[in-house]
Amino acid sequence: MPDPSPELPCRLCGRSFPRSGLTRHHGLPKSKGGTADAVELVCGQCHTMIHATFTNETLATVYPTVADLRAAPELAGFIRWVRKQPASRRTRNEPRKRKV
């Protein structure tokens, strides 16, 4: 019998999750005119860190794609760390002192 919930990778950290464990990140924030067509699936921990680190304006202008986010120096340490964590680990991301 096939697994009813195959695992998919988080597009930012690469860890595998069931579909229900992934959230929809709008490359162009909805508040800046983003649509459902420009959506990437990322785990909740990565999604929270993205929005704890960047304003919607920065996401829209500087980091509109997951590839851009992967290359962001502000997330490099977090991505290195989170890739080593089991998918079952869920820690709360503290808000950054200053969003970029």
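A: Let's begin with the surface. Accessible areas come from the Shrake-Rupley method with a 1.4 Å probe, and for residues only the protein chains shown count as cover. Here the protein chain exposes about 6200 Å², with carbon and sulfur atoms supplying 53% of it. This is a predicted model, in which local features need pLDDT of at least 70 and side-chain atom pairs count only at pLDDT 80 or more, while totals for chains, interfaces and linings use all residues. Residues are numbered from 1 along each chain as its sequence is written, and side-chain values use heavy atoms, leaving out hydrogens and water.

Q: How many helices and strands are there in the protein chain?

A: Helices (H or I, at least four residues) and strands (E, at least two) are DSSP runs, numbered from the N terminus. The protein chain has four helices and four strands. Along the sequence, they follow the pattern β-β-β-β-α-α-α-α.

Q: What share of the residues counts as buried?

A: Buried means under 20% relative accessible area, exposed means over 50%, and partly exposed is in between (1.4 Å probe, protein chains only). Of the 100 residues in the protein chain, 35% are buried.

Q: What do the contacts say about residues 24 or more positions apart?

A: A contact means heavy atoms within 4.5 Å. Among contacts in the protein chain with a separation of 6 or more, 55% come from residues 24 or more positions apart.

Q: Which residues have the most contacts inside the largest nonpolar core?

A: A nonpolar core is a set of buried Ala, Val, Leu, Ile, Met, Phe, Trp, Tyr and Cys residues joined through side-chain atoms within 4.5 Å. The largest one here has 20 residues, and those with the most contacts inside it are Cys-10, Leu-12, Cys-43, Cys-46, Phe-54, Leu-69 and Leu-75. At least two residues of this core come from each of β4 (39-43), α1, α3 (66-70) and α4 (73-83). Helix α4 supplies the largest share, four residues.

Q: Could we look at one of those residues? Where does Cys-46 lie, and is Cys-46 buried or exposed?

A: Cys-46 sits in helix α1 (residues 44-53). Its relative accessible area is 0%, so Cys-46 is buried. Setting aside residues up to four places away in sequence, Cys-46 touches Cys-10, Leu-12, Cys-13, Phe-78 and Val-82.

Q: Where is Cys-13 found?

A: Cys-13 is in the loop between β1 (7-9) and β2 (16-18). Cys-13 is buried because its relative accessible area is 6%. Although Cys-46 and Cys-13 are 33 residues apart along the chain, their C-alpha atoms are separated by 7.3 Å. Cys-13 is also in contact with Cys-43, Val-82 and Arg-83, among others.

Q: How many aromatic pairs are there?

A: Rings of Phe, Tyr and Trp (its six-membered ring) pair if their centres lie within 6.5 Å; planes under 30 degrees apart count as stacked, over 60 as edge-to-face and the rest as tilted. That rule gives two aromatic pairs. The Phe-54 and Tyr-63 rings have centres 4.7 Å apart and planes at 45°, so this pair is tilted. Both Phe-54 and Tyr-63 are buried. The Phe-78 and Trp-81 rings have centres 6.2 Å apart and planes at 40°, so this pair is tilted. Phe-78 and Trp-81 both lie in helix α4, three residues apart, or about one turn of the helix. Phe-78 is buried at 9% relative accessibility, whereas Trp-81 is partly exposed with a relative accessible area of 31%.
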